[in-house]
Amino acid sequence: MNVPNHVAIILDGNGRWAKSKGMPRNYGHVRGAKNLEVICEDAWNLGIKYLTVYLFSTENWKRPSDEVDALMKLFRRYTKTCVKTARDNNMKVRVLGDPSALAPDLQASLRELVETSKDNTGLNFQIAINYGSRDEIIRAVRKVAEDCMEGRRSPGTITEELFSGYLDTAEVPDPDLLIRTSGELRLSNYLLWQLAYTEFYFTEVPWPAFNKEELIKAIEKYNGRARRYGGVIE
Ligand code: IPE
Ligand code: IPE
Ligand code: MG
């Protein structure tokens with residue numbers, strides 16, 4: 001089996017999964033967060049080197065405030081636990097998105113997570129939180145414009161490669177495989193630049209029920225595709 005170097009996931013369907021069990025949406029989020037820890041280990045054991053997951057979009061602030069509050073509480077707990085799992089499993093964690101809208105204590109925990117894991121050599125794990133691809137591109141454009149205005153760069157020298165370095169995913173290769181769980185067939189503002197030549201895999205399985213077998217199924221499908229650009233399947 002040819003394992004993709006970088007897998008990006010839109011982990012969707014926590015709410016519907018919980019509802020189908022007669023439980024509140026937040027139960028789905030709690031189980032979804034637990035599942036993420038398991039899938040990180042599975043991904044590494046299968047040979048995946050980069051895993052990027054969508055935890056909270058710039059649009060998710062529009063959800064009812066009690067759900068947003070519950071999610072933020074969960075992220076606080078998740079981030080603290082992740083400091084330990086990153087240490088135990090040698091994971092290097094990066095954060096994508098604009099942290100400035102998050103509570104200061106959560107921002108601090110995320111910084112600690114990135115800082116304490118930066119020399120680890122195992123799974124490269126990117127968490128997208130308050131992430132929106134259009135927002136990321138606009139933030140990058142502002143930085144490029146500033147560099148030009150202050151004479152550090154001239155517009156003619158801006159290439160695709162250089163621009164990629166201004167994105168939150170600088171240093172991270174483009175995803176080879178994108179997985180979206182729970183049946184929606186859209187990108188919801190995820191990695192629009194980075195997914196230019198990525199293979200897409202959609203499954204009806206909701207995130208809390210997505211397991212190693214489902215991940216293997218996605219990789220097998222990916223193996224059956226002939227890729228034109230952006231990656232080589234031998
Ligand atoms: C994904 O599950 C988790 C987040 C977006 C935070 P959802 O909360 O979107 O669950 P559904 O799609 O409503 O079932
Ligand atoms: C996308 O899922 C964002 C995350 C998984 C964090 P949503 O459930 O928020 O997306 P839409 O609203 O269905 O497009
Ligand atoms: Mg959803």
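**Close-up 1. The surroundings of ligand 1 in the predicted model.** In this predicted model, ligand 1 is surrounded by 13 residues, and the closest of them are Asp12, Gly15, Arg16, Arg25 and Arg63. Sorted by class, the shell around ligand 1 is made up of three nonpolar, five polar and five charged residues.

Close-up 2. Asp12 places a polar side-chain atom 2.8 Å from an oxygen atom of ligand 1. With Gly13 and Asn14 the backbone takes this part: a backbone N or O atom of Gly13 lies 3.4 Å from an oxygen atom of the ligand, and a backbone N or O atom of Asn14 lies 3.2 Å from an oxygen atom of the ligand. Ligand 1 would expose 380 Å² if taken alone, and the protein buries 88% of that area.

**Close-up 3. The pocket that holds ligand 1.** The largest pocket is where ligand 1 sits. Two or more residues of the shell around the ligand come from each of helix H1 (14–20), helix H2 (25–46) and helix H3 (65–89), and H1 gives the most, with three residues.

**Close-up 4. The aromatic pair of Tyr54 and Tyr190.** A pair of aromatic rings is described by the distance of the centres and the angle of the planes. The count for the model comes to nine aromatic pairs, and one of them is the stacked pair of Tyr54 and Tyr190, at 4.3 Å centre to centre with 10° between the planes. Because Tyr54 lies in strand E2 (residues 50–57) and Tyr190 in the loop between strand E5 (177–180) and strand E6 (199–202), the pair ties together parts that are 136 residues apart in sequence.

Key. Residues numbered from 1 in each chain as written. Chains lettered and ligands numbered in written order. Predicted model: local features only at pLDDT ≥ 70, side-chain atom pairs only at ≥ 80, totals over all residues. Heavy atoms only, no water. Near = heavy atom within 4 Å. Polar contact = N/O pair within 3.5 Å; in protein donor to acceptor, adjacent residues only side chain to side chain. Areas by Shrake-Rupley, 256 points an atom, 1.4 Å probe, with all protein chains shown as cover. 1 Å grid on protein atoms, 1.4 Å probe; cavity = no way out; pocket = protein on both sides within 12 Å on 5 of 7 lines; lining within 4 Å. Sits in = over half its atoms within 2 Å of the grid points. Helix = DSSP H or I, 4+ residues; strand = E, 2+ residues; numbered from the N terminus. Nonpolar A, V, L, I, M, F, W, Y, C, P; charged D, E, K, R; others polar. Phe/Tyr/Trp six-rings, centres within 6.5 Å; stacked < 30°, edge-to-face > 60°.
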